[in-house]
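Please find below my notes on the two-chain model.

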Amino acid sequence: MKVLVTAFAMDAHFNGVVPLAWALRAAGHDVRVASQPALTDSITRAGLTAVPVGTDHQVQATMGAMAPGVFALHRNPDYLENRPELLDLEFLEASTSMLTAAFYAQINNDSMIDEMVDFAAWWRPDLVVWEPFTFAGAVAAQVTGAAQARLLWGPDLFLRVHDRFQQVLHEVRAERRDDALEEWLTWTLERHGAAFGPEVISGHWTIDQMPPSVRFATARPTVPMRFVPYNGPVPAVVPPWLRADPGRPRVLLTQGITERSTGFTGLPRAGELLASIAELDAEVVATVKAEEREGLPPLPGNVRVVDSLSLHVVLPSCAAVVHHGGAGTWATAALHGVPQLALAWQWDDVFRAGQLEKLGAGIFLPPHGEGASAGRVRDRLAQVLAEPSFRQGAARIRAEMLRTPAPGAVVPTLEQLTARHRAPAGQGVRH
Amino acid sequence: MPTPTSAPPAAPTDSELGRHLLTVRGFHFVFGALGDPYARRLRGEADHLSLGELVRDRGPLHRSALGTWVTADGGISARLLDDPLLGPRHPASEGPQEHVLENVWETWRTCHVTPLGEDLLTPAAADSDRLAALLGPVLGPRTCTAWQVDAERAVHRVLDGLPPHFDVVSDLARPAIAGSLAAVLGLPDEARAELPDLLAACGPVLDSALCPPRLPVARAMTRALRRVRELMAAAVANHLTAPADGAVSALLAVDPDGGRDPGDTVTAAVLSTVVGAETAITTVANAVMALLEHDEQWSLLRADPGRAADAVEETLRWAPPVTLRSLITQGEVQIGGETLEADQHVVVLVDAAQRDPALYEDPDRFRLDRPRSPGFTHMALAGRDPLGLVAPLVRVQCTAVLRAVAERLPGLRAEGEPLRRGRSPVVRAPLSLRLAQK
């Protein structure tokens, strides 16, 4: 079959779709990866075939202006706590309005959507696999009659909150219903002669890469898939020092790629943090970006600073990892059974970090306010290293993940679902 | 080489308009979440009066996070609305005031949010003056009461058909205002029949200047506006060939040899229908709600329905039908200790300003006998812009309804809680309230 895979141009969101794209390719299917031109290089360096569509999005600029307000709204009525009753109409309307304006409609800019639809109308994919915020893929599928699947990189908070919003909206008089996301998708689909349907938000089904104990229960069709790490276009090279026994536990300290490029971070400054952690009896491996390295104070001998490193290369040798809570870092550590200290700041990061702690596989240290001083990070890390229960907890999550079918093993399921959901030839709006 | 003529701006596509409305709405929520009181006001939080207090606490005039200058100070608000250095348009600009095709992420312009395709709400000063001169002898502050009897007769016809349980907006205020409007203007039957639905669709016009409606609502609004203009143009054409009763013929008869454009009469009728009716419907509903909440004032009115005009005036102050007035500086303005450059957006929080304790004694009390100096007009309907132009007719229509209600529905009571329209921070338009006659 022909599979169009899409993720908006942001590496962390693209990385999560790569292993399935490889699996589809290796199973003999035709795969194209569509995104804004800025992602073309990342796509081709992942060994995939790129389809640049539209012009680059400007989400960095819009979120730069809007982020403080977005975070101010979302920190308090915290839907991550599994208490949907906190999500009232006012909050959900505000959340959906600002995220649609500042994020969804920005990362899916009109020219990107339009060219993706044009490409799909020409190439005729059987299946569109889209990153869960890349609604352009949903529009292209809806217009051309392709089957469509969302490919999650984290727990499905988005759809959970969306479902809650629909439930709350249902209780409101029709004139008062205000759903910015549906409204935006409606006029966007109408531009291409198609009508809004719930599948442009939920897909025909969802592919979920989270371990079962970190997944939300849902009645929707879901295909569980094992997370396979892909770290992005950094050279995945095994450095010689990795094989040398450090003689003490190795600890990885890392910021995610998104945090590194956007500056949204909950981590204390690298120099202070490294000096503090280095007081522990451990070998500290830290990824620090080049410009921050220049400002570092002289570091003790047990600290090894590297510019970048493939997580799946180094993590199997680590006794613990300290990170910002991002999806890729979290899942790579989980897959390798490494206990985690997560300084998670926002969104799904917070939920995953909380689950980690609940499952006994690590500690969630909220970095807000004074929460994550260098000293507290060091003390929590010492705890993670000292108590064997964390490694046991991490091993349980690893076992769960290994029991889940790997990408190659879910391909036949995707073939069946595609056959069921694809519109018969010639029945899309554009054919 | 021929000089290119400047084409009117192309009508935006659904995607262009939708994205613009979505973005501005996003701004309201983002800055509302950061606590900016004006942004919170625009996002439509229910407790509008507390937000007005927050604005007043920030000083006589302050710059909101959205870039708009905001005041809730009674004295400053009155001066701003009266100052010719503030108007509805950007200085030295031509044509309809629209920012749809600009990048709001760069301009941060949150005025003139929704294009109407015409200059209805943003006439140039000369056009306003010409309309005021036209309206003066017919529907002006000193002449409009002549239509009181026509308005009352139409209102009574609506009350004749009122069921025992009814909705304050859809069964009382809207039909009564539509009926009295048709009677006063002298509209043909076709227009009368269409008016209630058209008024509902045009309802968001005043709100839409500051608060983006949902795209389908914006489209329905501009369609309804076009239809109103067609109907009014047809009515004016009829009156031109066969003068009849009603204000339309009277307007056409003003200074017939002065070369007046009948188009001005059409515009006057459209304004009365679109801006006037929304204002009047809201005032009637707000007045009924206020009276039912203040039994002693309701008793006063029932005992003397002739005080209906007092009830209207106090409603215009206590629960104004326009709670935010949007202005643009036409030149440098020094006020409230600030120097505003030309082309700055200024918003007056009318609801808060009209409860400024410095201006009103016991401002939170709703009382029919509140003293007023002659010629005084509340800020909600002050000024030379379209609201000021339709104010006399609005007062006549509302007085007619309240008088009739006081006479004929003495046992009126509420059966539930009032609901307000979404995305209505300017008008805070009532959507519904169930009432019972007894």
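**Notes on the predicted model**

1. A:Thr206 has A:Thr222 as its bridge partner in β7(A). The two strands concerned, β6 (residues 205-208) of chain A and β7(A), run parallel and are joined by three bridges. Strands here are DSSP runs of E of at least two residues, helices are runs of H or I of at least four, and both are numbered from the N terminus. Two strands are taken to pair if DSSP finds at least two bridges between them.

2. On conventions: this is a predicted model, in which local features need pLDDT of at least 70 and side-chain atom pairs count only at pLDDT 80 or more, whereas totals for chains, interfaces and linings use all residues. Residues are numbered from 1 along each chain as its sequence is written, chains are lettered from A and ligands numbered from 1 in the order in which they are written, and side-chain values use heavy atoms, with hydrogens and water left out.

3. The strands of point 1 belong to an open sheet of seven strands in chain A, with parallel pairing and the order β3-β2-β1-β4-β5-β6-β7. Its edge strands are β3 and β7 (222-224) of chain A, each of which pairs on one side only. On average, neighbouring strands are turned by 25° against each other, direction ignored. Helix α2 (residues 18-26) of chain A packs on this sheet and touches β1, β2, β4 (127-130), β5 (147-151) and β6 of chain A. The direction of α2(A) makes about 150° with that of β2(A). Axes are lines fitted to C-alpha atoms, for helices over the stretch in contact, and angles run from 0 to 180 degrees between N-to-C directions.

4. Strand β1 (residues 2-6) of chain A is joined to β2 (residues 30-35) of chain A by five bridges, in parallel. Between β2(A) and β3 (residues 50-52) of chain A there are three bridges, also parallel.

5. Chain B has an open sheet of five strands, ordered β1-β2-β8-β5-β3, with mixed pairing. Its edges are β1 (62-63) and β3 (86-87) of chain B, each pairing on one side only. Strands β2 (residues 69-71) and β8 (residues 345-349) of chain B run parallel and share three bridges; B:Thr71 has B:Val348 as its partner in β8(B). Helix α4 (residues 74-82) of chain B lies across β2, β3, β5 (324-329) and β8 of chain B, at about 130° to β8(B).

6. Over all chains the structure holds 46 salt bridges, each being a side-chain nitrogen of Lys or Arg within 4 Å of a carboxyl oxygen of Asp or Glu. One of them joins A:Arg352 to A:Asp348, with the closest N and O atoms 2.7 Å apart. Both residues lie in helix α16 (residues 347-358) of chain A, four residues apart, about one turn of the helix.

7. Which chain gives 27 residues to the contact, and which gives 32? Chain B gives 27 and chain A gives 32, contact meaning heavy atoms within 4.5 Å. The two chains bury about 2,400 Å² between them, 64% of it on carbon and sulfur atoms; buried area is the accessible area (1.4 Å probe) lost on putting two parts together, summed over both. In chain B, B:Arg19, B:Leu22 and B:Trp105 lose the most area to chain A, together 28% of what that side buries.

8. Four salt bridges are counted between chain B and chain A. In one formed by A:Glu90 and B:Arg43, the closest N and O atoms are 3.2 Å apart. The largest share of the side of chain B that touches chain A, 12 residues, comes from α1(B).
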